[in-house]
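Subject: Structure handover and notes

Hello,

Please find the structure below. My notes on it come after.

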Amino acid sequence: MALATRVDTDAILAAADQLAEMIRQSDECRLYWNAREKMARNPRAQRLFDELKKKTNGLWTLRDRLGESHEKYQRMKHEADLLWESLYETPVALQYKAAQDELNGLVQEVIEVMLANLHGTLPVERGPRMCGSGGCSGGCGGSCHASAGA
């Protein structure tokens with residue numbers, strides 16, 4: 001019978017720091033920062049992204065308060081759809097969004113692997129922000145990480 005090895009909290013946190021550093025050195029992270037730098041040099045793309053983030057947050061608030069069938073919600077949804085169309089016509093913005101989604105996906109996948117490995121041995125539960133791939137297109141109602149410096 002194998003003896004369980006005791007690992008202290010400091011060792012676990014050190015391993016988490018190492019994992020975070022590996023993510024920072026990943027291709028996904030490098031591509032994200034390159035795309036973000038391009039966005040920083042494109043005022044139109046920045047404006048579109050900022051407006052879309054505000055509209056999306058406003059949509060969540062209106063949906064929760066008034067419901068999806070309300071006229072105000074429908075009007076704001078139409079405005080957000082128009083912003084998405086403009087965004088799709090802006091290659092640098094699409095590149096940034098894709099890079100952001102890839103990096104967020106990597107982080108979420110790491111979390112999912114950890115949860116899956118702990119499931120059955122520890123009473124872990126999925127938190128409210130871990131129900132999708134996250135980012136602006138995530139279905140959880142979490143915030144967009146465009147300005148979070150992910």
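The model is predicted, so local features need pLDDT of at least 70 and side-chain atom pairs count only at pLDDT 80 or more, while totals for chains, interfaces and linings use all residues. Residues are numbered from 1 along each chain as its sequence is written, and side-chain values use heavy atoms, with hydrogens and water left out.

Overall make-up

The chain has five helices and zero strands, in the order α-α-α-α-α. Helices (H or I, at least four residues) and strands (E, at least two) are DSSP runs, numbered from the N terminus. Of the 150 residues, 25% are buried; buried means under 20% relative accessible area, exposed over 50%, and partly exposed in between (1.4 Å probe, protein chains only). The accessible surface is about 10300 Å², with 55% of it belonging to carbon and sulfur atoms; areas come from the Shrake-Rupley method with a 1.4 Å probe, and for residues only the protein chains shown count as cover. A contact means heavy atoms within 4.5 Å. Among contacts between residues at least 6 apart in sequence, 66% join residues at least 24 apart.

Helix 4

Helix 4 covers residues 71-88, 18 residues in total, and reaches 26 Å from its first C-alpha to its last, close to the 26 Å expected at 1.5 Å a residue. The expected span is 1.5 Å times one less than the number of residues. Its buried residues are Y73, A80, L83 and L87. Seen down the axis of helix 4, the buried residues fall within an arc of 85 degrees, so they line one face of the helix; the arc is that of the directions from the helix axis to the C-beta atoms. These buried residues pack against helix 3 (43-66) and helix 5 (91-118).

Salt bridges

The count is nine salt bridges, taking a side-chain nitrogen of Lys or Arg within 4 Å of a carboxyl oxygen of Asp or Glu. Three of them follow, with N to O distances.

- K55 and E79 meet at 2.5 Å (N to O). The pair links distant parts of the chain, with K55 in helix 3 and E79 in helix 4, 24 residues apart. K55 is partly exposed at 22% relative accessible area, and E79 is partly exposed at 30%.
- R47 and E51 meet at 2.9 Å (N to O). Both lie in helix 3, four residues apart, about one turn of the helix. R47 is partly exposed at 41%, as is E51 at 31%.
- R75 and E71 meet at 3.3 Å (N to O). They are four residues apart in helix 4, separated by about one helical turn. R75 is partly exposed at 43%, whereas E71 is exposed at 58%.

Aromatic rings

There are four aromatic pairs. Rings of Phe, Tyr and Trp (its six-membered ring) pair if their centres lie within 6.5 Å; planes under 30 degrees apart count as stacked, over 60 as edge-to-face and the rest as tilted.

Y32 and Y96 form a tilted pair, 5.7 Å centre to centre with 40 degrees between the planes. Y32 lies in helix 2 (residues 27-40) and Y96 in helix 5, so the pair ties together parts that are 64 residues apart in sequence. Y32 is buried at 1% relative accessible area, and Y96 is buried at 2%.

F49 and Y96 form an edge-to-face pair, 5.0 Å centre to centre with 75 degrees between the planes. F49 lies in helix 3, so this pair ties together parts 47 residues apart in sequence. F49 is buried at 4%. Y32, W33, F49 and Y96 form one aromatic cluster.

Regards
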